[in-house]
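Here is a short report on one chain. It moves from charged side chains to rings, then to a nonpolar surface and to model confidence.

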Amino acid sequence: MGLLSQLATLPLAPVRSVAWVLERTLDAAEQEYYDPEPVERELAELERALLAGEISEETFDRREDELLDRLEEIRAHAQGTDI
């Protein structure tokens, strides 16, 4: 970028900075949202609760279906496909 271009676009620098921060924030949020580890941990905790008698079979089945759907969504995102 030449000196004249930099001087001409200098007033836009704060806007570019904010856009950069927003992009990084969105990237971090997406990475956290599509991380399968918390879902897998919750599945393990759900199974532990069922085996300990803390939840009913119906509750387990309903919640397990929700978590497996979420894992499917995460895997589809990782492969770049939509469900």
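Glutamate 66 is partly exposed, with a relative accessible area of 37%. The model is predicted. Salt bridges with shared partners link Glu42, Arg62, Arg63 and Glu66 into one network.

**Salt bridges**

Arginine 63 is partly exposed at 25% relative accessibility.

How many salt bridges are there by the distance rule? The count is ten. Three of them are set out here.

| Salt bridge | N to O distance |
|---|---|
| Arginine 41 – glutamate 37 | 2.9 Å |
| Glutamate 45 – arginine 48 | 2.6 Å |

Glutamate 45 has a relative accessible area of 40% and is partly exposed. Arginine 48 is partly exposed too, at 38%.

Arginine 41 and glutamate 37 also sit in helix 3. Their spacing is four residues, so they are about one helical turn apart. Why does glutamate 37 count as partly exposed? Its relative accessibility is 46%, and the partly exposed class runs between the 20% limit for buried and the 50% limit for exposed.

**Aromatic rings**

A search of the whole structure turns up one aromatic pair. Tyrosine 33 and tyrosine 34 make an edge-to-face pair, 4.9 Å from centre to centre, with 85° between the planes. The angle counts as edge-to-face because it is over 60 degrees.

Tyrosine 33 has a second contact of interest. The charged end of arginine 70 sits over the tyrosine 33 ring, 3.8 Å from the ring centre. How accessible are the two tyrosines? Tyrosine 33 is partly exposed, with a relative accessible area of 44%. Tyrosine 34 is partly exposed as well, at 22%.

**The nonpolar patch**

Which residues make the nonpolar surface patch? Leu3, Leu4, Leu7 and Leu10 form it, and its area is about 480 Å². Leucine 4 lies in helix 1, which covers residues 3–9. This leucine 4 is exposed, with a relative accessible area of 71%. That value is over 50%, so leucine 4 falls in the exposed class.

**Helix 2**

Aspartate 27 lies in helix 2 (residues 13–33). It is partly exposed, at 40% relative accessible area. How far is aspartate 27 from leucine 12, in sequence and in space? The two are 15 residues apart in sequence, and their C-alpha atoms are 23 Å apart.

**Confidence**

The protein chain has a mean pLDDT of 90, and 96% of its residues reach 70 or more. Which elements mark the two ends of the range? Helix 1 has the lowest mean pLDDT among the elements, at 75. Helix 3 (residues 36–51) has the highest, at 97. Where pLDDT is low, predicted coordinates should not be read in detail.

The helix of lowest mean pLDDT, helix 1, is also where leucine 4 of the nonpolar patch lies.

Conventions
Residues numbered from 1 in each chain as written. Predicted model: local features only at pLDDT ≥ 70, side-chain atom pairs only at ≥ 80, totals over all residues. Heavy atoms only, no water. Patch = residues over 30% accessible without salt bridge, like charges linked within 9 Å, V, L, I, M, F, W, Y side chains within 5 Å. Areas by Shrake-Rupley, 256 points an atom, 1.4 Å probe, with all protein chains shown as cover. Salt bridge = Lys/Arg side-chain N within 4 Å of Asp/Glu carboxyl O. Buried < 20%, exposed > 50% of the residue type's maximum accessible area, 1.4 Å probe, protein only. Phe/Tyr/Trp six-rings, centres within 6.5 Å; stacked < 30°, edge-to-face > 60°. Lys NZ or Arg CZ within 6 Å of the ring centre and 35° of its normal. pLDDT = per-residue confidence, 0-100.
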